[in-house]
Amino acid sequence: MMTTLLFKQVQIVEADQVVTRDVLVTDDTITAVAPQLDVTADRVIQATGQLLTPGLVDIHGHFREPGFEYKETIATGSRAAARGGFTTVAAMPNLNPVPATLSAFETVQARNQASGVVHIAQYGAISEGLTADEIGDLPALAAAGAIAFTNDGKGVQTAATMLDAMTAAAKVNRPLVAHVEDESLVKGGVMNLGARSAELGLPGINPLAESAQLARDLMLAQATGVHYHVAHLSTKESVALVRLAKQNGIHVTAEVSPHHLLLDETDITGDDALFKMNPPLRAPADRVAVIAGLLDGTIDMVATDHAPHSVAEKERSFIGAAFGITGIETSFQLLYTHLVKPGIATLAQLLTWMNAAPIDAFRLDAPKRVAVGERADLALFDLETPYQINAQDFLSKGVNTPFIGEVVYGQTQLTLVAGKIAYQAEGEL
Ligand SMILES: NC(=O)N[C@@H](CC(=O)O)C(=O)O
Ligand SMILES: [Zn+2]
Ligand SMILES: [Zn+2]
């Protein structure tokens, strides 16, 4: 028995233009796209004024399982992803046990398969505990399906370890993803070192902790030929370094998070840990630089760095609270509202940053177009009706985001993963 679903008069982005189409999905595949389709279907969605896109892809999310299920699980995190319009998420390895060994990796993979309602691509760790100097068995992890390697949550502190990791990753043809943070420059800092940390009397993180380690890594990447990817890039110096590296033919890509595009340290209202994340919100000039870097192609993509924590872990003051904010349910909506609606970026650009760019850079198996023959990984967004970001609507266990209360556009109406409903707005359809 075949199941058919017909979207009537949806907007889709085709060759950088927004056009109106009827789109037919049969089981797990898009089977027809035309200005007008005269067919019957099991279900018809009158989608006038709504946007149908290939499912969004997040190359940086934290699902916390195994080890930290009180913060998030694969089930809750992947449902949250689907509510955000994501159909593929690359999951970070700062878990317990850390997937630096084949058996730990296989355990995570099996859980992703069993509990995920979206496609989950799993990162392997570079080294035991994310901190060991000796690298793990990267070839075994690659053979088991690791899409790339990272110790996200921790910077790789020595050049020797990073050189080994890059050499091993290059050999198995996988990207090396870096959380760049030189711990000798952090000095107990909890926010960006600068004017605002001085005003608030809070210890600051020197932005050189990011850029100095990045400069080191770019030299190592050049020497090894690895595909080196910078996680959550946040400073103007980092943008300049990646720009220079690309000009010099170094194989580097970079991501930026929505919060570093939309907020800076001057938005930190006081000692409120909802503004605490790593890297920290930077100075206004850094925010300007990451937006410019994204627009000129220095930064390739947007990644959420969805980092759920418990209420207790975020209720403390800046000094004692956990680093990280959630984002997978709000990223597209915030960026559509604050970058696309005011005309800073086009919808086609936003979709490139949140779909095609990560798919291409990481060679993921995921659709980049709403077109016949493509797998029906799809998201339907209402771009016209404003709504408020409310904690009680979150499917994530984590409600730790400073964007709660904001009014945005782009609410997800429906998310299909291989034709199956992964999220459906209440009462909408
Ligand atoms: N970004 C954060 O502030 N926190 C992340 C770790 C990380 O991405 O480095 C987390 O896992 O909570
Ligand atoms: Zn990180
Ligand atoms: Zn992260």
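Trainee: How are H6 and H7 oriented to each other, roughly parallel or roughly antiparallel?

Mentor: Two packed helices are described by the angle between their axes and the distance between the axes. In this predicted model, the axes of helix H6 (residues 208-224) and helix H7 (residues 236-247) come within 9 Å and cross at roughly 15°. H6 and H7 are therefore roughly parallel to each other. Angles under 35 degrees count as roughly parallel, over 145 as roughly antiparallel. Axes are lines fitted to C-alpha atoms, for helices over the stretch in contact, with angles from 0 to 180 degrees between N-to-C directions. Helices are DSSP runs (H or I, at least four residues), as are strands (E, at least two), numbered from the N terminus.

Trainee: Which residues of H6 and H7 make the contact?

Mentor: H6 gives Glu210, Ser211, Leu214, Ala215 and Leu218, and H7 gives Glu237, Ser238, Leu241 and Ala245. Contact requires C-beta atoms, placed from the backbone, within 7 Å.

Trainee: Which domains does the assignment give?

Mentor: Domain bounds come from an automatic or database domain assignment. The assignment gives domain 1 (4-52 + 372-424) and domain 2 (59-362). Their C-alpha centres lie 27 Å apart. The contact takes 27 residues from domain 1 and 34 residues from domain 2.

Trainee: Which element gives the largest share of the side of domain 1 that touches domain 2?

Mentor: Strand E18 does, with four residues.

Trainee: What conventions apply?

Mentor: Residues are numbered from 1 along each chain as its sequence is written, and chains are lettered from A and ligands numbered from 1 in the order in which they are written. Local features need pLDDT of at least 70, side-chain atom pairs count only at pLDDT 80 or more, and totals for chains, interfaces and linings use all residues.

Terms used: Parallel < 35°, antiparallel > 145°, perpendicular 65-115°, else oblique. Contact = placed C-beta atoms within 7 Å.
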